[in-house]
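Open the model in a viewer and keep the sequence panel beside it. The stops below say what to select and what is there.

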Amino acid sequence: MTAVGTSSDLGTSHDLVLAYDLGTGGCKASLWTPAATVVAETVVSYPTGHPAPGRNEQRPADWWDAVAAATRALLEREPSARGRIAGISLSGQSLGAVQLDEHRELVAPTTPIWSDTRGRTDEVFARVAESEWYRRTGNGFGAALYPLTKAAAFRAEEPDAWARTRHLVGSKDWINLRLTGELATDHSMASGSGAYDLTAGDYDDELLAAAGLDRGLFPPIVASAAVVGSLTDDAAATLGLPSGIPVFAGAVDNAAMALGSRGTAEGRIYAALGSSSWITVTSSEPVIDDHARPYVFAHAIPGMFISALSTFSSGTSLEWLRATLAPGAETGAFIDLAAASAPGSRGVTFVPTLAGGTPLEGGSAARGGFTGLHLGARPADLVRACLEGIAFSLDRSLTLMRRLSGSSEPLLITGGGSRSSLWNGIYADILRSPLQQSPVDQQAATLGAAAIAFVGLGVWDDFAQADAAHAALAEISPTAPESYAEARARFDAAVAALASLTPTQENPS
């Protein structure tokens, strides 16, 4: 399915950049002006396969088809843009492990995505303490998610395919290879490899040796705003663009979204509210904590880092509940059912760990659930409990990230989950904080990618010029935060109870 939006601020010269965001659910593409305004945007979805528990796979060919379809959709909407694109830049989903052979061709038609937990950690952690690995890399997700440990699974489960593997690359880096014929990555994507030392700013030879991997398996690292290559004739023909357009290294989606969410200065903090949600702080030092386990990526901005805590299943929890209680209902209307309940959801509590939890919630093996169900509970109570549970989970992340980073900056909210006034009111009360709502909604990652291109082209002097897209900020103030005190205590108790049922604990102390 493809959806296209547009505006009318087209000019007459090479004054546009084409930005893509390869997300979990699809490819967003948009055209941006140097004034940080979007000219046209489109989304093309692609599927995720689930061949076994913990196995989540996509087809890189589907990514490429989505990039091509999205580009053609934009050009059909704005034909004059074809000759006005000055540069191309990508944001891509993290923790990618696309296997390529000596000819840089796909070894297999599918690849595990970020949420795939097949990684094998024993070999690495037999040689390097897991706590030391975390402190060095900032890789705060479950260790089985990272390419360093997924490589061990490839080697053990498909030895013939592994024997043909010469490169292990991320999502947007594979697309850049298709666009330019050149293979490279940037620091932000490399920092999610499981083998990147944040302090050194390079792959770590000790970690690579512990995993039995050669340094050449991972792409060479360049700055996000460095030119990887130019659009080849073949790629240009597929996309419907002129050849020769410069293609920039781009960034991992976490870094691109931070860049497009005012994460351009020390202490800036934002909440991304989508299928998964997270609280992210921009800082000149990585935020490392052995207990809370923030995950850290190098920023697209040289010398900066982004550190975050996540709720893995926020929007996906809501969509699961919608499909269960009211299949076919429009999501906005479903959210509005919660208005018929009351703060605290009449005693019903929801823990949103349907896709696993953080180390604080029992790790990736944790599972979510409702507690406090009673015969008088109505659908409205379950919907409200879902919205409140997601907000309580983010409140824990916000409290910890403010304490660990020292940030006192206002909290910006972006993403699809920020579009409901009812849910925003719940967020403000449970987070006990005024919220800033930006007109940059689900465009934050493509804005970040566009900023990389504008800086790389020399059109912008610095990345902070992306902040112009957030000129019109609305503020959402708490109205009754005290009404959630009892519900907050129930939520904390429910998280602890469900964590105690988790079969295995990740990241043991």
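This is a predicted model: local features need pLDDT of at least 70, side-chain atom pairs count only at pLDDT 80 or more; totals for chains, interfaces and linings use all residues.

**Stop 1: a strand and its neighbours**

Select Ser277, Ile279, Val281 and Ser283, which point one way from strand S19, then Trp278, Thr280 and Thr282, which point the other way; all are buried. Buried means under 20% relative accessible area, with exposed over 50% and partly exposed in between (1.4 Å probe, protein chains only). In a regular strand, side chains alternate between the two faces of the sheet.

Residues are numbered from 1 along each chain as its sequence is written, and side-chain values use heavy atoms, with hydrogens and water left out. Helices (H or I, at least four residues) and strands (E, at least two) are DSSP runs, numbered from the N terminus.

Two strands pair if DSSP finds at least two bridges between them. Ala271 has Ile279 in S19 as its bridge partner, and 3 residues lie between the two strands of this hairpin. Strand S21 (residues 305–311) also pairs with S19, antiparallel over 7 bridges; there, Phe305 is the bridge partner of Ser283.

**Stop 2: two cores**

Select Trp32, Trp133, Phe141, Leu213 and Phe218, the residues with the most contacts inside the largest nonpolar core, which has 72 residues. Such a core is a set of buried Ala, Val, Leu, Ile, Met, Phe, Trp, Tyr and Cys residues joined through side-chain atoms within 4.5 Å. Helix H15 (residues 444–457) gives the most to this core, with 10 residues. Apart from it lies another core, of 43 residues, among them Ile279, Ala338, Met401 and Ile430.

**Stop 3: a covered helix**

Go to helix H14 (residues 421–431), where 8 of the 11 residues are buried. Among them are Trp423, Tyr427 and Ile430. Just after H14, Arg432 takes a positive phi of about 55°.

**Stop 4: a helix pair**

Which residues of H1 meet H6? Select Pro60, Ala61, Trp63, Trp64 and Val67 in H1; they meet Ser171, Trp174, Ile175, Arg178 and Leu179 in H6. Contact means heavy atoms within 4.5 Å.
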